Amino acid sequence: MNEDVNETVKEIKRSFRLLMNGVASQSMRQKGVDYKINWGVSLPDLQKMAQQYGKNLELAVALWQENVRECKILATLIMPPGEMDETLAEKWIGEIYSQDLAEMACFNLFQYLYHAADLSYQLMKSNREVEQMCGYLVLSRLFMKGENPHGNRINEFIDDVAHALNSENMGVRHAALNCVNKFAELGEDFRNMAENRLNLLL
């Protein structure tokens, strides 16, 4: 990490103290959102900071390395999607351990990657529940943009969802069910496929 980036990271971390929300931080800790440091800074405040720094690959990578909730979320906001290759995406996803960060990363960054569709299908088959969640979160966003799955991808999706809906993890079940609903909204044919093969009323 070059000295300028190092100093910027320090400056950003200092600024979190001014935006600290102790109540939000404590609430997240009680819900199991576990970071070394969690200032409870709101997403709108982090979005304003992201606008200030702009898209910056090197700064995003440096921020992600910090085990601080706000650093990681800010990293997802300033990482240029076009500069995040498959290797780096897999590395970041492998370092996500909370539903909170999974949701932020998928919404802020992963849905915009050039390989987002392939990534989502890969993640849905992961042994890690948080990665399965990421797969459904990303795919939900793609369906909302009107991206239709084709051919074998439809069967693959329905098969994976069938397993996810029986998961013991509530976050996985919720993400999968929401994804099925977005799939059904693509059109009547998609809705019928989901209802008939998953025995759901959507």
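C71 counts as buried, because its relative accessibility is 0%; buried here means under 20% relative accessible area, with a 1.4 Å probe and protein chains only. C179 is buried too, and its relative accessible area is 0%.

How many disulfides does the chain have? The count is zero, where a disulfide is a pair of cysteine sulfur atoms within 2.5 Å.

## About the model

This is a predicted model, in which local features need pLDDT of at least 70 and side-chain atom pairs pLDDT 80 or more, while totals for chains, interfaces and linings use all residues. Residues are numbered from 1 along each chain as its sequence is written, and side-chain values use heavy atoms, leaving out hydrogens and water.

## The chain as a whole

Welcome to a chain with 12 helices and zero strands. Helices are DSSP runs of H or I with at least four residues, strands are runs of E with at least two, and numbering starts at the N terminus.

Of the 202 residues, 48% count as buried. Among contacts (heavy atoms within 4.5 Å) between residues at least 6 apart in sequence, 68% join residues at least 24 apart.

## A look at helix α4

Helix α4 covers residues 57–64, and its buried residues are L59, A60, A62, L63 and W64. Which helices do they pack against? Their partners are α1 (3–18), α3 (43–53), α5 (69–78), α6 (86–94) and α7 (99–108).

Terms used
Buried means under 20% relative accessible area, exposed over 50%, partly exposed in between (1.4 Å probe, protein chains only).
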